[in-house]
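I opened the model to look up a few strands, helices and contacts. My notes follow in the order I took them.

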Amino acid sequence: MDGSPGPPQVTTDRFLRACRLEPVDRTPVWFMRQAGRYLPEYRQLRRDRDILEMCRHPDLVVEATLQPLRRMPLDAAILFSDIMVPVAAMGIEVRVVPGVGPVVPNPIRSAEQVYRLSPLSAEADVPFVMEAIELLRKELTIPLIGFSGAPFTLASYLIEGGASRNHERTKSFMHSEPEAWNDLMATLAGSVLSYLRAQAQAGAEALQVFDSWAGALDPDDYTLFVLPSMRQIFEGLAELDVPLIHFGVGTGELLALMRDAGAGVIGVDWRVPLHEAWERVGFDVAVQGNLDPAVCLAPWEAVEPKALAVLRRAAGRTGHIFNLGHGVLPGTPVENLQRLVELVHVRTERTEPA
Ligand code: CP3
């Protein structure tokens, strides 16, 4: 016994309960990118700092993570970081340009470049992430979500060299160099596994994998070129016994396949009505979503009915986590998100004891 106090007691575990399809007193709610530029205090904190540099400072990470929680009673915190943090730690040159996104000046265009990559070893390469998680657990009374980008989404940035509408180079590489592609997926999957395991061991109580751009693929290519690495990741994490969330954008036609990857919670964007998405993945997994984040730029009178439509489609089932269908957009009025949290909590209050 070292006499140090343990982490503060979690005061609400409705987020973790919903992830496990257990009954809850109210539907839990959090927002992807709940820390970000829509918050004046975030803009003030970041100023002209480089975001990847910011992610390497545990004190700044803790502050950015906590900022949205001071504004509204969210049911989960998400570690402030970026999907490119582990990529940079693998020795790949990467910048995140405001208004543009990640930029990789020397993109991967050959099999040789793939074979030269060495996987991330999280404890050695990104110790500051685990340090931030340990600090956060001392502050938080709600669950902390750790996260990683998924191999396909990371590979798309590495091969395209930046954001891409059609992911042509990625798809072309995948089809012309299938062996090198599989090697790249294996290296990235191993890195993601190491990264997420370390986050859970440091205290993250749920893990979300962002495969933001997987929706660019047809179901055959997703099955052949992406699903095996996603399975490997979720199988490797199963023993940790923390809820696993698998999210992508534009993945309506991939939802059943994503479910087969093995996470217990599937994040869905706004393009598929929530009840239809839930039918596609099956009611024995939890779903997270799915209000269109662009709606939140409009006056509250427009936001409210759209949020109520999501709740109506969730139909009071256990296993719904309210969220947006993608990240909070800069320019979103803070008040809209505050009112959303209240609306979800008030309208879903269960009268039966949970
Ligand atoms: O959700 C949270 O509050 C945690 C923080 C978080 C960030 N990035 C911080 C960030 C998370 C979960 C991410 C993940 C991320 N990063 C994804 C997956 C989720 C998604 O949006 O699909 C992707 C694709 C990235 C890559 C990336 N980083 C993009 C596309 C951008 C936006 C570029 C821009 O300026 O529009 C970034 C920068 C970034 N990461 C910001 C934040 C808050 C923007 C604000 C800033 O520059 O300070």
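**Entry 1: T187**

I looked up T187 and got a relative accessibility of 11%, so T187 counts as buried, the cut-off for buried being under 20%. I note that the model is a predicted one. I placed T187 in helix α11. I then asked what T187 is in contact with, leaving aside its neighbours within four places in sequence. I found M90, L117, S118 and P119.

**Entry 2: α10 against α11**

I stayed with α11, which covers residues 178-202, and turned to helix α10, residues 168-176. I read a packing angle of about 115° for the two helices, with their axes 5 Å apart. That angle makes α10 roughly perpendicular to α11. I listed the residues that meet: α10 brings T170, F173, M174, H175 and S176, and α11 brings P178, A180 and W181. Sorting this contact by class, I got 5 nonpolar residues, 3 polar ones and no charged ones.

**Entry 3: α9**

I wrote down the buried residues as P151, F152, T153, L154, A155, S156, Y157, L158, I159 and E160. I also checked what follows α9 and found G161, with a positive phi near 90°.

I went on to strand β8, residues 286-291. I found 6 of its 6 residues buried, so β8 too is largely enclosed by the rest of the structure.

Which strands are joined to β8 by bridges? I found strand β7, residues 265-267, joined to β8 by 3 bridges, with the two running parallel. I also found strand β9, residues 320-324, joined to β8 by 5 bridges, and this pair runs parallel as well. For a position in each pairing, I noted that G267 has Q288 in β8 as its bridge partner, and that G289 stands opposite F322 in β9.

I then traced the chain between these strands. From β7 I went through helix α14, residues 274-281, to β8, and recorded a right-handed β-α-β unit. From β8 I went through helix α15, residues 300-314, to β9, and recorded a right-handed β-α-β unit there also.

**Entry 4: recap**

I close with β8 as a strand that is bridged to β7 and to β9, and that has 6 of its 6 residues buried. For α11, I keep its contact with α10 and the buried T187.

Conventions. Residues are numbered from 1 along each chain as its sequence is written. This is a predicted model: local features need pLDDT of at least 70, side-chain atom pairs count only at pLDDT 80 or more; totals for chains, interfaces and linings use all residues. Side-chain values use heavy atoms; hydrogens and water are left out. Buried means under 20% relative accessible area, exposed over 50%, partly exposed in between (1.4 Å probe, protein chains only). Helices (H or I, at least four residues) and strands (E, at least two) are DSSP runs, numbered from the N terminus. Two strands pair if DSSP finds at least two bridges between them. A crossover is right-handed if, with the strands pointing away from the viewer, the path from the first strand over the helix to the second runs clockwise. Axes are lines fitted to C-alpha atoms, for helices over the stretch in contact, and angles run from 0 to 180 degrees between N-to-C directions. Angles under 35 degrees count as roughly parallel, over 145 as roughly antiparallel, 65 to 115 as roughly perpendicular and the rest as oblique. Contact means heavy atoms within 4.5 Å. Ala, Val, Leu, Ile, Met, Phe, Trp, Tyr, Cys and Pro count as nonpolar, Asp, Glu, Lys and Arg as charged, and the others, Gly among them, as polar.
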